[in-house]
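Reader: Please show the structure, and then let us go through it by question and answer.

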Amino acid sequence: MPDARRPLVAANWKMNGLSASAAEFSKMMEGARELSAHVDIIVCPPVTLLVRFAALAAGGPVRLGAQDCYPEPSGAFTGDISAEMLRDAGASAVIVGHSERRSLHHESDADVRAKVLASHRAGLLPIVCVGEMRAEREAGRAEEVVAKQLDGSLPDGATAQNLVVAYEPVWAIGTGEVATPEDAQEMSAGIRGRISAVHGDAVAAGVRILYGGSVKSGNMAAIMAQPDIDGGLVGGASLDAAEFVRICRYRELSATI
């Protein structure tokens, strides 16, 4: 595995968390201290908690991310938050193109691409989400759909250092259903192949590909045993500090795989 593909586990808290959640985040920080030697950990709370969590995270093993950004750096965009604002608040990464943004907010691949460019402009690491719906998979179009999302969402200039891709089959997000490790590997290998074809072999060899979709401690080791999967994007299970730390400890379970 190239050095750039250091394992990464990212937590997407979605629209969950109030000021009292700082206690749960502190537990995550404590549990992650001994893990930082072999895995990168990013927690993406609601933007309302970024500044508070950044103060807690200073000098610690956990980095912070955001869940979305607006493409423009500033201006008359009521209610929106720029990548520069997120960086200023303490974020070092941002999730873009999550299926909930694509479906509920009707974001196109072009919208996602603009947000990737904005994250690069602000010095944030974009975690770009792609994934097919159940009907698309059942129709045998999963690889086609994901390839189209990649082509439209990734700009020129993508490198292993400024890009993470998260494969999240829409039918597995928050449902308790998870793609088999073999299915996740097949799609992740396809993603790597598509990146190679468009952006070059060196980028493809180094870019980290995460799996997301009902990730939990019970399936993380099997997922991480796959050669083209470099980490996880964890949703609901990341709201519990103890469970999230167990997920990050996947190496301790790998001997049973």
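Author: First a term: buried means under 20% relative accessible area, exposed means over 50%, and partly exposed lies in between, with a 1.4 Å probe and protein chains only. The model is predicted, so local features need pLDDT of at least 70 and side-chain atom pairs count only at pLDDT 80 or more, while totals for chains, interfaces and linings use all residues. Residues are numbered from 1 along each chain as its sequence is written, and side-chain values use heavy atoms, with hydrogens and water left out.

Reader: Is Arg208 buried or exposed?

Author: Arg208 lies in strand β7; helices (H or I, at least four residues) and strands (E, at least two) are DSSP runs, numbered from the N terminus. Its relative accessibility is 9%, so Arg208 counts as buried.

Reader: With which side chain does the side chain of Arg208 make a polar contact?

Author: A polar contact is a pair of N or O atoms within 3.5 Å; within protein, one must be able to donate a hydrogen and the other to accept it, and residues adjacent in sequence count only if both atoms are side-chain atoms. For the side chain of Arg208 the distance is 2.9 Å, and the partner is the side chain of Asp40.

Reader: Why is helix α10 largely enclosed by the rest of the structure?

Author: The buried residues of α10 are Ser217, Asn219, Met220, Ala221, Ile223 and Met224. What covers them includes β1 (8-12), β7 (208-212), β8 (231-234) and α11 (241-248), where contact means heavy atoms within 4.5 Å. Helix α10 spans residues 217-224 and is largely enclosed because the buried share is six of the eight residues.

Reader: Which residues of β5 are buried on each side?

Author: Strand β5 covers residues 125-130, and six of its six residues are buried. In a regular strand the side chains alternate between the two faces of the sheet. Both faces of β5 are covered, with Leu125, Ile127 and Cys129 on one side and, on the other, Pro126, Val128 and Val130.

Reader: Over how many bridges do β5 and β6 pair?

Author: Two strands pair if DSSP finds at least two bridges between them. Strand β4 (residues 93-96) pairs with β5 in the parallel sense over four bridges, and Ala93 stands opposite Leu125. In β6 (residues 164-167), Tyr167 stands opposite Val130. The pairing of β5 with β6 is also parallel, and the number of bridges is four.

Reader: What is phi of Ser214?

Author: Most residues other than glycine have a negative phi, and most peptide bonds are trans. Ser214 is found in the loop between β7 and α10, and at 18% relative accessibility it counts as buried. Its phi is positive, near 60 degrees.

Reader: Where is Lys14, and what is its phi?

Author: Lys14 is in the loop between β1 and α1 (22-32). Its relative accessible area is 21%, so Lys14 is partly exposed. Its phi is positive, near 55 degrees.

Reader: How many aromatic pairs does the structure hold?

Author: Rings of Phe, Tyr and Trp (its six-membered ring) pair if their centres lie within 6.5 Å; planes under 30 degrees apart count as stacked, over 60 as edge-to-face and the rest as tilted. By that rule, the number of aromatic pairs is four.

Reader: Are the rings of Phe25 and Phe53 stacked or edge-to-face?

Author: Their centres are 4.4 Å apart and their planes are at 10 degrees, so the pair is stacked. The pair links helix α1 with helix α2 (residues 50-57), 28 residues apart in the chain. Both Phe25 and Phe53 are buried, and the aromatic cluster that they form has one further member, Trp13. The answer, then, is stacked.
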